[in-house]
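Open the model in your viewer and get ready to click along. We will go from stop to stop, selecting residues as we go.

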Amino acid sequence: MILWRGREWLFGAPTFFSRMTQAYESLKQQATARQQALAGKPRVRIGTALCGQAAGGLEVADAFREAARARSLDATVSQVGCLGLCYAEPLVDLQWPGGPRVFYGNVSPEEASGLVEAHLVRGQPVWERALAVSGDGATVSGDVLTLEALEMMKGQVRIALRNAGHIDPADVHEYIATGGYAGLDRALSGMTPQQVQEMVGASGLRGRGGAAFPTGTKWRFLMGSPGPVKYILCNCEEGDPGAFNDKGILESDPHTLVEGMILAGYTTGASNGVIFIRHGHEGPVERAKAAVRDAYGLGLLGKNILGSSFTFNAEVSLVGESYVAGEETALMEAIEGKRSMPRFRPPFPAAYGVWGKPSNINNVKTLAYVPEIVAKGPTVFSGVGTERSKGTAILCLTGAIRRPGMMEVPMGMTLHQALEGLAGGAPGGKKIKLLQTGGPLGGVLGGDQLDVPLDFDAMARAGAILGSGGIIVADETTCAVDLTRVLMTFCQFESCGKCFPCRTGMTHMMEVLERICRFQGESIDLPLLERVGASMAAGSLCGHGQLGFNPVRSALRFFGDEFKAHIESKRCPAGVCNGEYLTPQRARR
Amino acid sequence: MQPRGDTLNATIRKALESHGNGAVTVLSSLLTLEDALGYIPPEAIEEVAHLTHTTVNDVWGVASFYPNFRFEPPCEHVVEVCWGPTCHLMGAPAVMKEVLATLGLNTEGDTPDKRVTLKFNTCLGACAQGPVMSLDHHLVGRLTPQEAGKRLSGVVGMKGNRSLQ
């Protein structure tokens, strides 16, 4: 009996608390040792998220591998995610052992050989080619800025994006070495689910998918639902054109999402997690699958996580191309393998979700904040932002802007600061004419509305939504009517067809807008659009139809004159409309 | 050459057995087959119905809903051009016009010689580099019409292809 107890002591641990830390501590030691080994070799990091790929990042990565091989140089070439400086892609940073990281922007494959020779073989950074420098070490040359001093980085507060572009997303050890899974360890080793829920509640975190519902409250709903099988669904469908921050997080730091999901599972007593992504976005899909696999491999998923009594399983689920699949009940239908059409509510997901089990749906960005909040306490998040919108906004700036990219800025920053300051305003000395925010169903803001602060409520009062953080910028060369037509074509194409007011209403609105763009509009058209929009709002199950009139309403509010010019004077003030449309012929009608 | 008959059935079964797309459902099975074969043959619809204990009607309902699926053997190359709002603002219409002219098409679809499939995509996910297209699932951004035509010709090969001359 005594011997048996001895074995327990030997293989288990004296107390619940220290047993947990041991499992994590050994992971941490292993990770740190690997990190030190990595630091002893020259390192190449190349941005190969979707934005990097589109700029040619994969070819550049191959060129650097080849250049290192040609010199028999034992360098680590990592394909990292997105630092957010998409304007500078392909972005490469080179690091001599013990030296600073030197960032080179807009690198072509032809430059690889020279950069490797100079910086990694001879140890002499090519300063005249450098964009920025980061970390202590070698002396910094005169006019090269530090990474934090770059216009685009100034004023950013990176919580969810803390690792993006810095760590190798395929290497779980690098995530652990930079403090990853510490939040999970803290929760499992000494916090009750209630305490974690209170902590997330106290941080003031609100859902980043668009609805901005308090995350702590949402989790409490699921805590009250009966088990044992409950689901945490992570929504990375992200069909909003102009938004790529969910995909960006998955491609840059997938484990922050996996950790956030496990923490959500621990808090709510859920047994299963599903990461839900669109088929075809191969980068994010592969990163997510690899992250789940690696987490299983290290005992961070599965039975008795980190030696605790908590068990949680996760998988990646793919969906076909469907914008509406991002709606929570349509998402559950798609996971079940059906057409992604929304369900009636109630029952709400916390009572009857995927496979009929209680479920909770969170956006990628929401879950990505959770590990930091739990590891460092709620003030890390609540200390940033405004009274009602805590934390940061993760923005994707695209369109007519000098520095398109992804940034994480404190809530409360004005649009002007973000767009004119960080992103550099419209290129070529043009003026920003309009902003399209929160996805196609969000809203349009006039270029004179830039003093609106980034805050869920302030944006809503201004007639737009912050939504998932995508902001499409248009300059004076854009026709507001033409853009509205494109948005409506998108909405029509993506209507799932379940509710006929949305299905036929979208088509009707699109046809009217096409008519207006062809200068065949009539004075009755604007009231007609309004009536169709009202019917859709009244007769649709989900936001797609309910908000379907938003793009038109907000465009009319700021650019009513342009609509009138098309209808009454039969001309397009911006000179864009020419009656040619090349858009899909298909629809789910 | 596309597999036919028994070979096709064997390929379908093999793909379905080894699929790593989460729980086995109608949709996950169809996506797996689309990846493996490049299209959904009628045999696959029946096989999926059998595997998931549903009807051919249910499977067809799902397959016809998502624009991912095609029902004829794939062409050699697939070209996708993004028409999302960002790409539209950054010049997608001109890129699209050039791509259509290069391929000799009026709208999305297959070239008559079945060498290239053109698809319009609502978002390829690289909005910061718009306008964007994808050539055989390889993203190309910051396009001008000239660049698009050049890259397209490079991938599909001008020579010996009537529809491209």
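**Stop 1: a loop in chain A**

Select Leu306(A), which is found in the loop between helix H12 (282-297) and strand E9 (313-319) of chain A; helices (H or I, at least four residues) and strands (E, at least two) are DSSP runs, numbered from the N terminus. Leu306(A) has a positive phi of about 50°, although it is not a glycine. Is Leu306(A) buried or exposed? Leu306(A) is buried, with 22 other C-beta atoms within 10 Å (buried is 20 or more other C-beta atoms within 10 Å of the residue's own, exposed 12 or fewer, partly exposed in between, with C-beta atoms placed from the backbone).

A word on what you see: this is a predicted model, where local features need pLDDT of at least 70 and side-chain atom pairs count only at pLDDT 80 or more, while totals for chains, interfaces and linings use all residues. Residues are numbered from 1 along each chain as its sequence is written, and chains are lettered from A and ligands numbered from 1 in the order in which they are written.

**Stop 2: a loop in chain B**

Now pick Asp136(B), in the loop between E4 and strand E5 (138-140) of chain B. Its phi is near 50°, a positive value in a residue other than glycine. Asp136(B) is exposed, with 12 other C-beta atoms within 10 Å.

**Stop 3: two cis bonds**

Stay in chain B and find the peptide bond from Gly130(B) to Pro131(B): this bond is cis, with omega near -5°. Pro131(B) sits in the loop between strand E3 (116-121) and strand E4 (133-135) of chain B. Back in chain A, a cis peptide bond joins Pro346(A) and Pro347(A), with omega about 0°.
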